[in-house]
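Subject: The structure I promised you

Hi,

Have a look at it, then read on for what turned up.

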Amino acid sequence: VKGRHDTWQIKVGHLNVLCAEPVGRVKRQDSWTIAVISYRNIMAGLPLWDNTALSQLKEGMPTDNMVAIYDSYAEHYDVEVEKREYTAPRMCAEAVAKWLDDRKGARILDVAAGTGLCGAELKKLGFTSVDALDCSQGSLDFAKSKNRYNRYICDFIGTNRLDIEDDHYDAVACCGGFIPAALKTDCLPELIRLVKPGGYVCITTRKAYLTSVKAFSDGKLEAAMMELQNKGLWEQVSREITPGYHTDIDGVTFVFRVLR
């Protein structure tokens, strides 16, 4: 098997690759039959997730289905991502630390917190008041078993107003939330509402998602960010591309200062 990002070459009949929404072509090459398959799979380009629940995640799937997958995988998630050298939580936490001076007093909300990997990294950096928001109760239960947060909020963030008061946090950290099956651009105003003026919103995701995910491609994600900047709600202070989000995969971290 040869693969990079969303294209795989497969010897048909000898290997079955589980992928979502496959489209492709089949051609003859000597005694081989080669299928070149392009697909929209949330884990495309990562080391093989074939035999895990995460292989079922795909762009546009119902939220309830996505939540059920993460609930079922919560007990295994930390171990499996460690095998895949997932450093994005550290990238996001370090971005928060770069812009926030008061590590003991600052309130931080980790959005799409999952099992708490970003929360754990924030604690390592000296932050002591960190809350978690995630729609997977199973993931939050696992994070709670590790004592990674002060408060555990099970909810999905979108156009809905969360049960959190305005200007409650000094920063929002969001690592791996902007992926095909999860957050959309419509949640950005709510992220801003939660952070006090002068605070920060830090978003880390795979750089490839800026072009490969329908909801974000053709500049949609960054255009939505800039629209809010043009309205005077926040301003971008950093956009950093960093290698090693996963092995051989770049990450991108956006940092915005809230103005409104």
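Let's start with a pair of strands. Strand 5 is joined to strand 6 (residues 129-134) by 5 bridges, and the two run parallel. Another is Asp 110, whose bridge partner in strand 6 is Ala 132. To get from strand 5 to strand 6, the chain goes through helix 3, making a right-handed β-α-β crossover. Before you go further, keep in mind that this is a predicted model.

Strand 5 has a partner in strand 8 too: those two pair in the parallel sense over 4 bridges. There, Ile 108 has Ala 171 of strand 8 as its bridge partner. Is strand 5 mostly covered or mostly open? Mostly covered, with 4 of its 5 residues buried.

Strand 6 is also mostly covered, as 5 of its 6 residues are buried. Strand 6 pairs with strand 7 (residues 151-154), again in the parallel sense, over 4 bridges. In that pairing, Asp 134 stands opposite Cys 154 in strand 7.

Next, helix 2. This helix covers residues 88-99, so count 12 residues when you find it; from its first C-alpha to its last it reaches 17 Å, close to the 16 Å expected at 1.5 Å a residue. Which residues of helix 2 are buried? They are Ala 88, Pro 89, Met 91, Cys 92, Ala 93, Ala 95, Val 96 and Ala 97. And what do these buried residues pack against? Their neighbours are strand 5 (107-111), helix 3 (117-124), strand 8 (169-175), strand 9 (195-206), strand 10 and strand 11.

Strands 10 and 11 bring us to the aromatic rings. A search of the whole structure turned up 6 aromatic pairs. One of them is Trp 234 with Phe 256: the ring centres are 3.9 Å apart and the planes are at 15°, which is under the 30 degrees cut-off, so this pair counts as stacked. The pair links distant parts of the chain, with Trp 234 in strand 10 (residues 234-246) and Phe 256 in strand 11 (residues 249-258), 22 residues apart. Are these two residues buried or exposed? Trp 234 is buried, and Phe 256 is buried as well.

Finally, the overall picture. The chain has 7 helices and 11 strands. Of its 260 residues, 50% are buried. If you take the contacts between residues at least 6 apart in sequence, 63% of them join residues at least 24 apart. As for the surface, the chain exposes about 12,500 Å², and carbon and sulfur atoms supply 47% of that.

Cheers

Notes
Residues numbered from 1 in each chain as written. Predicted model: local features only at pLDDT ≥ 70, side-chain atom pairs only at ≥ 80, totals over all residues. Heavy atoms only, no water. Phe/Tyr/Trp six-rings, centres within 6.5 Å; stacked < 30°, edge-to-face > 60°. Buried < 20%, exposed > 50% of the residue type's maximum accessible area, 1.4 Å probe, protein only. Contact = heavy atoms within 4.5 Å. Areas by Shrake-Rupley, 256 points an atom, 1.4 Å probe, with all protein chains shown as cover. Pairing = 2+ DSSP bridges. Right-handed = clockwise from strand over helix to strand, strands pointing away.
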